[in-house]
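Hi,

Here's the structure I promised to pass on.

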Amino acid sequence: MSLPASPPATSARHAAPHSDIPDPAPPRHPQGGLKGVLLPVAVVLAIGTIFVSVYLAAFHAPRPHDLPVAAVGTSHQADRLREGLDSGLPGGFDVRPYADERAARDAVEHRHVYAAYLPGTGHGDPKLLYAGANGPSVTGTLTGAFGPVAAAGGHRLAQEDVLPASAGDTRGLSIFYAAFGLVLAGYLFGMMTYQAAPVLRFRQRMASLALFGVLGGIIIALVAGDTGFGALPGSFVGIAGTIALMAMAAGGATMVFIKWAGAAGAGLASVVLLTLGNSTSGGVMPAPYLPGWLHPLSEVLPVAAGVRALQGLAYFHNDGLGRGIAVLVVWIVACAGLLHLRDARDARKRTAPAS
C-alpha cells in the first residue's frame, strides 16, 4: 500500500514577509595564530589613534572661524569693530550690523549671533551682550576679543549675560556629557542586540530599538532635568523626545554598520559616532570653532543635530529644534530601511535554489 504523497514544502520566502524573517545565526570565524594576535592590536590602536587625532585637531588650540556677532550702530561702526576684532583674531568673527539693542539682544537669545556689541554713547562705556549658556569657552573668547577693542577707544567693556547657564550646569557641559553617554549607550545597544539575540525578526529588533530610545529618553530627562540634577532646563517631554530620537539614531546606525560590515562594523561605528560624532557635536564648543575639514560633519551627524536641538530647547527659544528632529528622523528611517534591505537580501540568498 503506497503512502500518500507529502505536501510540497513551503519555502521560507512564502512563509512570511521579509519584515518578519529572522536573522540567521552569525557564523563563527575563530582567528588563531599570528593573525589572532595582531588583528585586535592593529584595530584597537587604529581606532585609538583616530580618536586622539580628531579630538586634538578639534580642541588642542580652539579658535573661532567666522563666529557670528552683532554690531549695533551704523555700518561705519560695524566696519571699525570688524577691523578691531580682525587685528586680534584674524578671520575669527563674522560681524553683522543691527539697527538697535532690542534686535541685537533678540538675536543673541535666539542664537542667531553669539554676542552683540553696543557702542557707548557720549562718555559711556560700550557693552557686550552674550549668552553664558554657550559655555565658558565661548564666553572667554568673546570677552578676550572685545575687551581690547573697547580699551583701544579708552573705555572699559561692560558685560551682560542675557542667557546664563542653568544653576545645575555651571560649566555648560552637561548637554555634552549627556549626549556622549547617550551615544555610547546607543553604540553598545547596537552591538548587544546582535550578541544577545543573534536570531531575531526584523520587527522585533525595531521594537527593541524603539523601546531603548523611549526609555533612554525618559531616564536621561529625569536624571538631567529639573527632577534630577537640574542641568537640562526646558520641557520634559521635548527633552525626553529629542533624546529618544538621538538614542534610536545612534543605535540604528551601529546596527547598520554591524549588519553590513560584519566584524569591522563595531570599529566603524565607534569612529563615526563616538569619535567624529561627539567631537563635532557642539557640546563643548560650537561648530564655528571646528577645523574646516570637521565642520561639515556637524551638519549631518545625528549627535550634533541632537545637541543643538537640546541646547535650543533648554535655552535658545527652540533654535535648531526643527532641523535637529528632521536630521534624526532621516537617520532612523534610513537605518531601518538599510536593515530591512539587508534582511531581504539575506532571505533571498537563503531561499535561492542551489545551482
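**Helices that cross**

Helix H8 and helix H9 pass each other in a right-handed crossing. Keep in mind that this is a predicted model. The H9 helix covers residues 265–279, and its axis comes within 8 Å of the axis of H8, at a crossing angle of roughly 145 degrees. Who touches whom? On the H8 side you'll find Ala250, Ala253, Thr254, Phe257, Ile258 and Ala261, and they meet Gly265, Ala266, Leu268, Ala269, Val272 and Leu273 of H9. Sorted by class, that contact has 10 nonpolar residues, two polar ones and no charged ones.

Now try the pair H6 (residues 174–196) and H7 (residues 202–224): their axes come within 11 Å and cross at roughly 155 degrees. Angles over 145 degrees count as roughly antiparallel, so that is what we call H6 and H7. This crossing is right-handed. H6 brings Ala178, Leu182, Ala185, Gly186, Phe189, Thr193 and Tyr194 to the contact, while H7 brings Arg205, Ser208, Leu209, Phe212 and Ile220. By class, that makes eight nonpolar, three polar and one charged.

**A closer look at H7**

Does the length of H7 agree with what its residue count predicts, or disagree? H7 has 23 residues, and at 1.5 Å a residue they should span 33 Å; the C-alpha atoms at its ends are 33 Å apart, so the two agree.

Which residues of H7 are buried? They are Phe202, Arg205, Met206, Leu209, Phe212, Gly213, Gly216, Gly217, Ala221 and Ala224. Look at the spacing of those numbers with this in mind: an α-helix has 3.6 residues a turn, so residues three or four places apart point the same way. The buried residues of H7 pack against H6, helix H8 (236–261) and helix H12 (321–351).

**A buried lysine**

Next, find lysine 259, which sits in helix H8. Is it buried or exposed? Its relative accessibility is 13%, so lysine 259 counts as buried, the cut-off being under 20%. Leaving out residues up to four places away in sequence, lysine 259 touches Asp23, Tyr194, Leu339, Arg342, Asp343 and Asp346.

**Two residues in a loop**

Go to the loop between helix H11 (302–314) and H12, where you'll find histidine 317. Asparagine 318 is in the loop between H11 and H12 too. Here's some background: most residues other than glycine have a negative phi. Histidine 317, however, has a positive phi, near 50 degrees. For asparagine 318 phi is positive as well, near 70 degrees. How accessible are they? Histidine 317 has 46% relative accessibility and so counts as partly exposed. Asparagine 318 is partly exposed too, with a relative accessible area of 43%.

**And one glycine**

Last stop: glycine 181, back in helix H6. At 35% relative accessibility, glycine 181 counts as partly exposed.

Happy exploring!

Terms used: Residues numbered from 1 in each chain as written. Predicted model: local features only at pLDDT ≥ 70, side-chain atom pairs only at ≥ 80, totals over all residues. Heavy atoms only, no water. Axes fitted to C-alpha atoms, helices over the stretch in contact; angles between N-to-C directions. Helix = DSSP H or I, 4+ residues; strand = E, 2+ residues; numbered from the N terminus. Parallel < 35°, antiparallel > 145°, perpendicular 65-115°, else oblique. Left-handed = near helix turned anticlockwise from the far one by under 90°. Contact = heavy atoms within 4.5 Å. Nonpolar A, V, L, I, M, F, W, Y, C, P; charged D, E, K, R; others polar. Expected span 1.5 Å × (residues − 1). Buried < 20%, exposed > 50% of the residue type's maximum accessible area, 1.4 Å probe, protein only.
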